[in-house]
Amino acid sequence: MPQNKSHHYVPQMYMRLFARAGDNRIGVFVIDRRKFIPGASIKGQACRDYFYGKDGRTERALGDIEGRAARIFGDVVRERRLPAAASQDHEWLIFYLSMQHARTVGAAEQHNEGSEKVAKSILRTKAELEGNREIVEALDRVRIRRMNAVSELMGYTTIGATLLADLKLILVENGSAVPFIGSDTPVVFHNRHYEGQHISVTGYANVGLQLFLPLGPRLALFGCDAAAYEVATDAREIVLLKDPSEAALINDLQWEAAYAVMLTASDMPEQLLQSSAATWSEPRQRERTVLREAVVEQSDNEMRTRHGSGAAPSAVKLDLSFVRCVLPQPEPLGTWDIPPFRDADRVARVDRMFDHMDVLDELKGLL
């Protein structure tokens with residue numbers, strides 16, 4: 001059994017971006033208790049015992065990825081420059097962003113929530129057709145969970161990370177009075193172009209995708225679909241943000257995505273955190289996924305239904321002055337419409353890779 005049983009789903013190297021140089025303490029705001037701890041130990045944050053299993057393999061692999069990412073982030077923060085597109089460091093950065101998005105408790109819980117809603121909907125329909133009231137009444141008291149939700153998500157992103165490679169990455173330098181904050185779900189996807197739809201259009205391949213990752217109180221990484229947005233930058237290709245309301249909007253993405261805690265600098269003004277916590281108290285209580293279901297065909301002795309789930313649409317209206325959408329306003333999506341892809345050929349290649357992975361899994365089961 002590995003000695004290191006405490007597995008960080010947000011790496012310590014990332015949390016140190018919010019700490020003073022040489023310090024291992026940051027500010028932590030515990031959301032459900034509305035409590036701010038200005039000097040919390042980094043070691044004890046965003047971790048669970050054996051979150052990635054007890055054999056240590058996943059934890060060691062993530063440690064290697066984190067080591068590479070730590071060096072890249074160190075260079076980015078120090079030099080205010082991102083790795084060149086298509087360079088090895090750029091590829092590692094994209095892979096880290098994808099893996100960090102998938103490896104958290106928040107991501108696993110959202111995956112579980114969607115699966116549970118679909119499973120309960122199928123079981124409820126069947127029980128109602130059979131007149132089984134006992135099952136119908138019991139379903140609300142049952143929890144259905146995937147056995148390896150986080151492992152499944154990380155498996156998907158190992159291949160799906162390539163779908164993020166075409167995003168344009170830009171640094172946002174925060175010169176406003178409102179510092180950036182992070183959370184225990186720090187990589188957040190958004191889609192300004194498709195705001196207002198009935199589901200979130202934040203698949204890795206979707207047109208209009210945006211990505212945000214705070215890199216400490218004064219810097220953030222912004223990724224976007226370059227064909228959908230124009231971004232106003234300076235000569236260094238950096239966004240200079242001076243409007244505190246826009247810094248607060250970017251922070252709102254973290255409040256919406258967070259699972260349990262916000263991560264901040266130790267000197268973060270507590271009143272800003274308490275104000276945001278009050279604002280987000282009700283929106284955070286809503287469900288993270290939406291269920292879609294429909295009767296496809298029905299006869300006297302048979303019913304065919306269709307079920308699916310997706311992330312609930314964001315409550316954040318991300319109107320940032322430095323980002324301009326250059327695409328026409330999209331039509332509202334139908335219940336089962338598939339949002340357009342930035343590159344359909346790339347998606348097809350990734351789908352084939354997933355098919356090969358499924359075949360390999362089946363072969364392993366036969367050996």
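Which residues line the largest cavity? The model is a predicted one, so to speak of local features a pLDDT of at least 70 is needed, side-chain atom pairs count only at pLDDT 80 or more, and totals for chains, interfaces and linings use all residues. Residues are numbered from 1 along each chain as its sequence is written, and side-chain values use heavy atoms, with hydrogens and water left out.

A search of the whole structure turns up one cavity of 30 Å³ or more (a set of points on a 1 Å grid over the protein atoms alone where a 1.4 Å probe fits but cannot get out). Its volume, the space filled by probe spheres set on the points, is about 40 Å³. The lining, meaning residues with an atom within 4 Å of a point, is made up of Leu-163, Asp-166, Tyr-204, Ala-205, Arg-342, Asp-343, Arg-346 and Val-347.

Then there is an open sheet of four strands, in the order E3-E2-E12-E6, with antiparallel pairing. Strands here are DSSP runs of at least two residues and helices runs of at least four, and two strands pair if DSSP finds at least two bridges between them. At the edges sit E3 (35-41) and E6 (182-183), each pairing on one side only. Strand E2 (residues 25-30) is joined to E12 (residues 261-264) by four bridges, and Val-28 has Leu-263 as its bridge partner in E12. Helix H8 (residues 270-280) packs on this sheet and touches E2, E3 and E12, with contact meaning heavy atoms within 4.5 Å.

Conventions: Axes are lines fitted to C-alpha atoms, for helices over the stretch in contact, and angles run from 0 to 180 degrees between N-to-C directions. On a 1 Å grid over the protein atoms alone, a cavity is a set of points where a 1.4 Å probe fits but cannot get out, and a pocket is an open set with protein on both sides within 12 Å along at least five of seven lines; lining residues have an atom within 4 Å of a point.
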